[in-house]
Structures are given as structure tokens and as C-alpha cells.
Amino acid sequence: MRTARATLIAILLVGIAVSASAGDMALTRDGDFYRVAPSDDGLVVHHRSVDGAVAGYLIPQTAGIAATSMQVGVDELTGTVLVAWQRGIEPETTIEIAWLGAQWWIGPYTLAGGDGHTLENLQMMLDRAVTVVEEDGESIEVATTFLHLVWWSYAENRNDGSAFLASVALDETGNPEIDAFQPVALSDLLPYGIGCEGIDDAPGLAHPKVFVDPQSGAPHIFATDFSDCVFQILKLNYEVVEEWVGEIKRRRHIVLVGHESMIAANPDIILAHAKVEVGHGLDVVMYWEADNSVEYVQLDENGVPPVKSLPFGEDGLTKEEAVDMVRSLVH
């Protein structure tokens with residue numbers, strides 16, 4: 001296997017080849033809206049087209065299941081609707097996936113879990129990679145849609161767990177290449193730790209996030225490493241590799257996980273209900289609610305700055321508005 005020389009790499013933003021999605025909802029560029037929700041008969045994908053027509057698509061073999069963290073996305077190149085969710089309760093939880101092609105559902109398939117670990121806080125994102133490679137004076141375009149899944153996994157204690165990533169390519173018909181599904185523990189990617197007593201009792205930080213950086217257009221992951229008191233931002237890089245299948249040369253994308261930044265966290269300021277927002281330029285703000293204020297810290301690689309406070313209930317500022325104001329610091 002060798003790597004083709006890339007002269008131009010363009011990572012297309014979410015929404016160009018795939019739908020804009022927000023958990024259990026997705027909106028295509030054509031204006032079609034999708035939402036996955038539970039019903040008495042199982043999980044249903046509700047579809048409202050741009051002309052107002054509505055339809056519902058029941059996912060088979062989902063009646064009576066305990067489903068959480070439901071995610072939906074649409075590959076706009078093929079029209080395939082992909083749905084992922086967590087099934088079961090602690091400690092026997094699994095991650096399931098099913099997709100709707102032109103005529104029928106495929107799946108559900110179990111992707112992870114069922115081994116005594118608790119899986120939670122699933123997030124899903126579709127992203128399109130386009131790379132132009134030069135060979136013998138000819139420009140060749142290689143394009144792949146990837147399904148990225150992240151979640152938190154732990155055996156007994158959430159704080160002893162790790163964020164996981166699995167990236168799967170879609171084939172030309174929009175079907176995920178399930179046989180290539182290989183979850184990676186993100187905590188194992190840290191080059192070193194900072195040495196600390198660990199972050200305790202902070203379930204709000206066991207939420208890995210997969211997102212597109214609006215500045216670069218590249219997909220990233222934000223994840224907490226509880227044991228080393230580190231927040232890490234990882235960039236998902238796409239690279240074209242060449243393989244020979246018999247006498248036919250095949251080019252395909254692979255995903256390489258690289259470090260964008262690593263931020264040390266002071267455990268003394270991390271509270272049980274702390275949340276994290278990552279925004280423009282990969283700026284990070286961590287915030288939590290106090291008695292009459294929203295407390296927050298703007299994190300960077302230069303250390304931990306002091307805690308700041310935005311009171312609510314004064315000057316007509318509500319708690320929700322205070323949270324929005326703090327989150328806006330990184331947008």
C-alpha cells in the first residue's frame with residue numbers, strides 16, 4: 001500500500017453532500033426534514049418534504065426496545081437515510097444502526113457493546129471528503145462520504161471510561177461498509193498525561209462531540225480524558241491510499257486521527273454538571289450553573305484561567321439567556 005501524492009484537498013462542509021443534522025433531526029439542502037422518534041410500534045423516521053407531504057418509516061425489529069441518543073442523517077448523494085441509537089440500559093447497552101435506501105430498511109446491526117460495558121452519549125455525523133490526486137499529468141478526483149460515530153464507554157465507573165470513535169465509509173449506493181467498523185479508544189491516542197488525581201463525578205464531561213470546525217471546514221472531535229485531566233481536540237484527516245486488486249488499482253480514503261490541541265484541566269474547578277462548548281477557531285468554554293449565575297472558564301493550551309461569573313435574574317437576564325451568552329463566546 002502506498003499513498004498517492006495529493007495536490008489539492010477539499011473537505012466539503014456538512015450540508016453540501018450530506019444533510020445538516022442535530023441529533024434526532026436532519027434537514028437536507030433541498031428542504032426535506034427528517035426526525036426519528038419512538039412509537040408504540042418501534043422507532044419511526046418522520047419525513048416532511050419541501051412540498052409539505054409527510055410520511056413515516058417504521059424501523060423493523062425496534063418494537064419495545066429502550067432506545068436513547070437517537071441520531072439521524074441523510075446522504076444526499078444517494079438519498080439514504082441513516083439512523084443510529086443506543087439500546088438497553090446499564091450495563092448491557094449496545095449501539096445499533098439501520099438505514100433506508102430506495103425501497104427498504106437494512107438492519108438493524110449491532111455495532112458495539114453487549115460486553116458488559118455501558119455505552120452512552122452517542123453522536124453521529126456524515127461528512128464528505130474530496131481529494132484530487134495527480135498521476136502521470138492527470139488529475140483524478142477521489143470522493144468518499146464517511147459516517148463518524150462517537151460515544152462514551154465504561155465498565156463500572158463513568159470516570160474510568162473513554163470516548164470512542166468509529167469512522168465508516170459509505171459505498172456508492174449509500175450503504176455503510178459495516179465490515180470495516182473498528183472502534184478506537186480516543187484516550188489511547190494521548191501521547192502523554194499530565195499526572196493528576198483524576199476528574200471525579202462529572203457526568204457532563206463524558207460527552208464526546210463530533211463537529212465541523214466552521215473556520216477550516218474540517219471534522220473534529222472533542223473528548224475528555226478523565227485519568228489525565230486533559231481535554232483533547234482531535235482532527236479527522238482524510239488521506240488517499242492506493243491498493244492493487246489483481247491488476248486493478250483502487251484508490252480509497254482512510255481516516256487519520258491527529259491532535260489539534262490538548263488542554264489541561266484543573267479538577268478543582270470542574271463540577272458535576274459542567275458542560276463544554278467548542279466553537280470558532282476551536283475555542284473552548286466550560287460552564288456550569290451556580291445558585292444565581294452561570295460560572296464559566298475559557299480554556300486554552302496556556303493553562304487554566306480564572307473562573308468568571310455571569311449572574312442571571314438581574315437586568316432581565318434569564319438563566320437560559322445567560323447560558324446562551326456564555327456559549328456565544330466561542331461562536
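Colleague: Let's start with F222: which residues is F222 in contact with, leaving aside its neighbours within four places in sequence?

Modeller: Keeping in mind that this is a predicted model, F222 is in contact with H207, P208, K209, F211, F231, Q232, I233, V276, V278 and V284, once its neighbours within four places in sequence are left aside.

Colleague: And which residues have the most contacts inside the largest nonpolar core?

Modeller: Those are I221, F222 and M286, in a core that has 29 residues.

Colleague: Which strands each supply at least two residues of this core?

Modeller: They are β13 (138-154), β14 (162-169), β16 (209-212), β17 (219-225), β18 (230-245), β20, β21 and β22, and the largest share, four residues, comes from β18.

Colleague: What does the second core include?

Modeller: The second core, which is separate and has 18 residues, includes I95, M124, L126 and L147.

Colleague: Switching to sheets, what is the order of strands in the open sheet of four?

Modeller: The order is β20-β21-β22-β23, and the pairing is antiparallel; the edge strands, β20 (275-278) and β23 (308-311), each pair on one side only, while the twist averages 30° from one strand to the next.

Colleague: How many bridges are there between β21 and β22?

Modeller: Strand β21, residues 284-289, pairs with strand β22, residues 293-299, over six bridges in the antiparallel sense.

Colleague: Coming back to M286, what is its bridge partner in β22?

Modeller: The bridge partner of M286 there is V297, and M286 is also among the residues with the most contacts inside the largest nonpolar core.

Notes: Residues are numbered from 1 along each chain as its sequence is written. This is a predicted model: local features need pLDDT of at least 70, side-chain atom pairs count only at pLDDT 80 or more; totals for chains, interfaces and linings use all residues. Side-chain values use heavy atoms; hydrogens and water are left out. Two strands pair if DSSP finds at least two bridges between them. Axes are lines fitted to C-alpha atoms, for helices over the stretch in contact, and angles run from 0 to 180 degrees between N-to-C directions. A nonpolar core is a set of buried Ala, Val, Leu, Ile, Met, Phe, Trp, Tyr and Cys residues joined through side-chain atoms within 4.5 Å. Buried means under 20% relative accessible area, exposed over 50%, partly exposed in between (1.4 Å probe, protein chains only). Contact means heavy atoms within 4.5 Å.
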